[in-house]
Amino acid sequence: MRKLLWNALKVSPAIAATLFAANSALAVEVNEQVTTVAQLSQEANSIGQVTSVSQFSDVQPTDWAFQALQSLVERYGCIAGYPNSTYRGNRALTRYEFAAGLNACLDRVNELIATATADVITRQDLATLQRLQEEFSAELATLRGRVDSLEARTAELEANQFSTTTKLSGEAIFNVSDAFGPGSNYRTTFSNRVRLTLNSSFTGRDRLQTRLNSGNSFNNSNFTGTNMTRLGFDTGGGNNVEIDKINYAFNFSDSIRVKIDATGAQLNDNVNNFHPDFASSGGGAISRYGRFSPIYRQGAGGAGLTVELNPRGPLTLSAAYLAPRANNPNDEQGVFNGANTIFGQLAFKPSQAFNIGLTYARSYQNNPSGVNLSGSTGSALATRPFGNIATSSDNYGVQANFQPSSALTIGGWAGYTNARSEVTDAKADIFYWAASLGLKDFGAEGNVLGVIFGQPPKVTGGSQGQITDTDTSYHLEGLYRMRFSDNITITPGVLVIFNPEHNNNRDTVYVGTLRTRFTF
């Protein structure tokens with residue numbers, strides 16, 4: 001339109017640019033987040049007049065509008081920029097910015113008319129402008145109506161928006177499941193889980209997360225006789241609403257990210273767990289063990305501090321301290337005297353195609369909530385090798401994720417735990433591993449076909465007289481996540497546990513699920 005006005009109608013660049021800016025600004029539609037009046041005012045106030053186009057760091061002589069900007073700046077003096085010496089020519093124009101620019105040009109026009117400067121603005125230009133107004137009167141009337149409508153819509157959105165600093169998101173899961181096997185007395189169940197999350201930002205580079213959780217999915221281990229069959233989203237509650245997660249994350253510097261958990265701390269949420277396609281409890285693996293390595297379940301549930309160095313770089317170092325019962329002032333409890341986990345991880349991420357992490361966690365667990373070394377994913381012996389007494393453990397893990405193509409992902413982990421009783425001299429060695437395969441866009445765009453196979457945590461040795469798991473259980477899981485829309489997925493899945501509890505004398509257990517997930 002600018003070229004048309006300049007070449008066809010022979011209008012001066014100042015007038016044509018003003019009309020073009022007006023047309024572009026009035027055509028902008030609000031289709032995403034509402035910009036507040038305070039923000040727009042701040043942008044407008046930051047505009048400053050420049051005297052040379054070379055003052056704009058983001059305008060190059062090769063840009064298609066360079067000559068027009070040069071003329072408007074150096075000949076007419078009515079182009080404004082930002083304090084950081086940028087023009088931002090490719091971004092949308094706000095009404096405040098348009099008003100500021102138009103006002104500068106009109107002031108300049110009035111000045112030139114008053115001083116009768118020759119060869120700058122002529123009667124012919126004014127006559128042409130009047131003719132253009134008459135010819136485009138219908139279009140201008142249409143634009144005026146659109147602006148009035150847009151203004152009304154903007155006012156309504158500002159009046160009814162949830163918050164200028166907080167975003168509300170939610171997830172609801174409907175699940176049908178059943179367990180099969182000789183002697184099983186499990187009945188088909190229909191359960192739910194609902195989560196509402198409030199994410200607030202005060203600086204644009206921080207986040208305060210508050211999550212409400214409610215559900216009634218039963219822990220099926222009471223019926224199958226093993227934690228190996230647990231689902232990834234079970235809650236065990238009676239649809240009681242609770243705040244299960246509160247944390248605040250911020251950038252200490254460009255290369256340091258800090259996260260403080262007041263409650264609900266989980267290492268798998270705070271650091272890279274190298275299983276992106278299956279880690280989510282609502283949209284990932286159907287089983288608890290299939291989501292990620294059990295090493296990320298150490299110290300879960302309480303308060304904590306996590307620091308990541310160079311989180312976006314190819315080499316990331318993460319460190320964390322978690323205290324599951326930091327709020328308890330009793331003896332053997334609290335931030336430092338009770339159960340705790342010291343965690344460290346070195347993540348090597350040379351590209352999106354390959355990621356690998358080396359992980360270590362030093363944990364101490366005691367009563368009253370009990371000892372759980374495997375995060376309720378392995379055998380009963382691997383969970384409490386010495387019974388429910390104070391236990392320390394050194395946990396080592398290696399995790400990797402490989403994406404040879406956009407449609408294929410290969411992942412897995414292996415872990416070893418050396419546990420020690422704090423009451424006796426007993427020791428126990430625990431080992432586990434798993435591998436996963438994911439086919440993306442299988443059958444339709446957004447769908448994922450997944451297979452996970454591995455060995456849940458097993459006591460393989462220890463001190464003399466320590467009881468071990470003599471046989472080996474195997475975990476086999478298949479799922480197909482179907483994307484029906486951006487907000488609805490349905491995932492049928494089957495979980496098979498061979499030799500449950502690492503006991504060859506026990507029958508294979510099958511668990512079938514149909515999980516429907518709604519997000520908003």
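A salt bridge is a side-chain nitrogen of Lys or Arg within 4 Å of a carboxyl oxygen of Asp or Glu. The exercises below concern a predicted model, in which local features need pLDDT of at least 70 and side-chain atom pairs count only at pLDDT 80 or more, while totals for chains, interfaces and linings use all residues. Residues are numbered from 1 along each chain as its sequence is written, and side-chain values use heavy atoms, with hydrogens and water left out.

**Exercise 1. Salt bridges**

Task: find which residues join Glu171 in a network of salt bridges, and then examine the pair Asp394 and Arg420.

Solution: Begin with the total, which comes to twelve salt bridges. Glu171 is linked with Arg193 and Arg517 in a network. Turn next to Asp394 and Arg420, whose closest N and O atoms are 3.0 Å apart. This pair links distant parts of the chain, since Asp394 belongs to strand S12 (residues 391–405) and Arg420 to strand S13 (residues 408–421), 26 residues apart; strands are DSSP runs of E with at least two residues, and helices are runs of H or I with at least four, numbered from the N terminus. Both Asp394 and Arg420 are buried, where buried means under 20% relative accessible area, exposed over 50%, and partly exposed in between (1.4 Å probe, protein chains only).

**Exercise 2. A bridge with another setting**

Task: decide whether Arg483 is buried, partly exposed or exposed, and do likewise for Asp486.

Solution: The side chains of Arg483 and Asp486 form a salt bridge with an N to O distance of 2.2 Å. Arg483 has a relative accessible area of 37%, and is therefore partly exposed. Asp486 reaches 63% relative accessibility, so it counts as exposed.

**Exercise 3. The surroundings of Ser436**

Task: locate Ser436 in its strand and describe what its side chain meets.

Solution: Ser436 lies in strand S14, which spans residues 427–440. Its relative accessible area is 6%, and so Ser436 is buried. The side chains of Ser436 and His275 are joined by a polar contact of 2.8 Å, that is, a pair of N or O atoms within 3.5 Å, where within protein one must be able to donate a hydrogen and the other to accept it, and residues adjacent in sequence count only if both atoms are side-chain atoms. When neighbours within four places in sequence are left aside, the residues in contact with Ser436 (heavy atoms within 4.5 Å) include Phe278, Thr409 and Val451.
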